[in-house]
Amino acid sequence: MEKFEILGARELNGKIKINGAKNALLPIMTSTLLAPGNYLLNNVPDLKDTRTMAELLRRIGASVSFKNNQLLINTVNVSKPVAPYDLVKTMRASFYVLGPLLGRLGHAEVSLPGGCAWGPRPVDIHIEALKKLGVNISLEGGNIVAKGNPIGNNIKFKFPSVGATGNLMMASVLGKGQTILKNVALEPDIISLGDFLIKMGADIKGLGTSELVINGKDRLNPVDEFDIIPDRIEAGTFLIAGAMCGGSIEIENVNPDHISIVIDKLIESGVRVKTVKNSIIVNGNKKIKPVNVTTAPYPGFPTDLQAQWIAYMTIANGLSTVTDEIYYDRFTHVPELNRLGANITMNKNTATIIGVSNLKGAPVMSTDIRASASLILASLASIGKSKISRIYHIDRGYEKIENRLKKVGADITRS
Ligand code: UD1
């Protein structure tokens, strides 16, 4: 199994280009199932999850080719509306085929996603809402079997779930009549999915607000070409790397509006951050101030940057707390960070971090995408050598991270 070796405590300087956003790409890929035809997606990150989703679309009947960060998808043939367990268990975003397959065929069978490294991840909001659209849902052999063409209705989500908002938008755009979705997610990934669906001819009003009014269409059209938005989580991760390791890092091809809360928190921690159009420059500061964060739905602090922020706070000058209100058990990185010399204690979904003057390299193990990112950040800031095992997790969400970090001066090798 591959691992990273990192010799830490080196200043980072230079430019890093941000890739397309995984969490915008995956639902857009599944939405191509809604209308038969050819699609070209640009700025597609070369990730394990991109390839897993391409494989899932192929199994459903589409043809997909992926080269030079471009995806060509043809969805004329959609013959087997099934997302099998072997794919769903490696990537929960497979669940996003449910909505579009119901829209196109009125039939979908999707393996029920189980828990994951950070505890239970229910899909009850998706299921309840689909039932309200008249879809018949049963559980057979661990699979959700959904039948029926969606019929418009009023739905108020109990929580602005990103996944449920995406799935229900895709289920409704070909539904009969009007669907009103209330308390929807506002994440940029959802807005981008909405933009894509509107380009397909969908009638969606209220995009960017918490209420969407969707008038079902009889048919939609394929989209010739579409650019995937920059990945705000990748941007946030590299900004924190710059803040932790001193020097000056410029993040290019980013939308600063998408991470304004992270920029604010970084400034509060005492580093200098400058925004110029689509670039953000961070200048590290030897003395990091402790800054508390609590994760929340967008535009709040993202749960996907919680692990990286804890890594940052391990070397702050004082005590800070980090609370995850989205996923209460998402803290598998904490014991690993403590192996690097951090002083973190847990109480329910809150980590209390007492900053130490130095982290020290050690062997550690990654457990999920963002936990791996936090271990890389902490190792880059540690004195001495760290070995991070099970790095296949990081390849799910960050394209060739070691090459990009090397370019700005990190001593990191994959072996
Ligand atoms: C969440 C994050 C998303 C992130 C992704 C992967 C939020 C709001 N969402 O999206 O930004 O990219 O994790 O790290 O920050 N829930 C239910 N029932 C459901 C669906 C969700 O109870 O049917 C709960 C979840 O347990 C969680 C919350 O709602 O507490 C957010 O869920 P949701 O946004 O759907 O999660 P993801 O789509 O996984």
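Modeller: Start at Y312, which is buried, with a relative accessible area of 0%. Buried means under 20% relative accessible area, exposed over 50%, and partly exposed in between (1.4 Å probe, protein chains only). A word on the model: it is predicted, so local features need pLDDT of at least 70 and side-chain atom pairs count only at pLDDT 80 or more, while totals for chains, interfaces and linings use all residues. Residues are numbered from 1 along each chain as its sequence is written, and side-chain values use heavy atoms, with hydrogens and water left out.

Now look at W309. This residue is buried as well, with a relative accessible area of 0%. W309 and Y312 share helix α10, residues 306-313. They sit three residues apart, about one turn of the helix. Helices (H or I, at least four residues) and strands (E, at least two) are DSSP runs, numbered from the N terminus.

Next, the rings. Two rings of Phe, Tyr or Trp (its six-membered ring) pair if their centres lie within 6.5 Å; planes under 30 degrees apart are stacked, over 60 edge-to-face, the rest tilted. This rule gives four aromatic pairs. One of them joins F196 and F226, edge-to-face, at 4.9 Å centre to centre and 80 degrees between the planes. F196 lies in helix α7 (residues 188-199) and F226 in strand β14 (residues 226-227), so this pair ties together parts that are 30 residues apart in sequence. F196 and F226 are buried.

Step back to the whole chain. It has 14 helices and 26 strands. The radius of gyration is 21 Å, close to the 22 Å from the globule rule for 415 residues, so the chain is as compact as a globular protein of that length. That radius is taken over C-alpha atoms, and the rule is 2.2 Å times the number of residues to the power 0.38. The C-alpha trace spans about 60 × 40 × 40 Å along its principal axes. Of the 415 residues, 57% are buried. Take contacts (heavy atoms within 4.5 Å). Among those between residues at least 6 apart in sequence, 74% join residues at least 24 apart.
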